[in-house]
Amino acid sequence: METNLALTIIGSVLILVGIIFNAVPKLVNEKIMGQLPKEAVGISALFRVVLGGLAIAIGTIALYCRHLPAEHAGHLLFSMGSGFVVVILTIVSGKLRGFDDEIPIPPIILFTLLAILAYSSS
């Protein structure tokens, strides 16, 4: 896949995720983590909004960089793929470190697909 198309897809997906995280953070938390204790709902929504802002920021970088020459875009895509792998490992480490009994599957699937796209296009 061409680097500009890969960066467009990655950027668009991340911006969409960020917008959803900001628009309905409590609903996203409920879908990903199930029912939370009342005391945790507000602070977890705040963290979800922050994560949404980061997703929008990284997505915007991807969109702005999609017209880079292929060699430079390839380096960016490889770096993004590596970052996505770090995110996956961080999510998995939450279970290994005993923070939760379950691993949230939707973000693992999303970041795995983005990593594959980034690496295969780099």
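**Aromatic pairs and helix packing**

A search through the whole of this predicted model turns up two aromatic pairs. As for solvent, phenylalanine 84 counts as buried, at 5% relative accessibility. Phenylalanine 111 is buried too, with a relative accessible area of 16%, because the cut-off for buried is under 20%.

Phenylalanine 84 also turns up where helix H4 meets helix H1. The axes of H1 (residues 3–23) and H4 (residues 70–96) come within 10 Å and cross at roughly 40°, and the crossing is left-handed. On the H1 side, the residues in contact are Thr3, Ala6, Leu7, Ile10 and Leu14. Facing them from H4 are Ala70, Ala73, Gly74, Leu76, Leu77, Met80 and Phe84. Sorted by class, this contact has ten nonpolar residues and two polar ones, with no charged residues.

Helix H1 spans residues 3–23, and a charge is found over one of the rings: arginine 48 lies over the face of phenylalanine 21, at 5.1 Å from the ring centre.

How values were computed: Residues numbered from 1 in each chain as written. Predicted model: local features only at pLDDT ≥ 70, side-chain atom pairs only at ≥ 80, totals over all residues. Heavy atoms only, no water. Axes fitted to C-alpha atoms, helices over the stretch in contact; angles between N-to-C directions. Helix = DSSP H or I, 4+ residues; strand = E, 2+ residues; numbered from the N terminus. Left-handed = near helix turned anticlockwise from the far one by under 90°. Contact = heavy atoms within 4.5 Å. Nonpolar A, V, L, I, M, F, W, Y, C, P; charged D, E, K, R; others polar. Phe/Tyr/Trp six-rings, centres within 6.5 Å; stacked < 30°, edge-to-face > 60°. Buried < 20%, exposed > 50% of the residue type's maximum accessible area, 1.4 Å probe, protein only. Lys NZ or Arg CZ within 6 Å of the ring centre and 35° of its normal.
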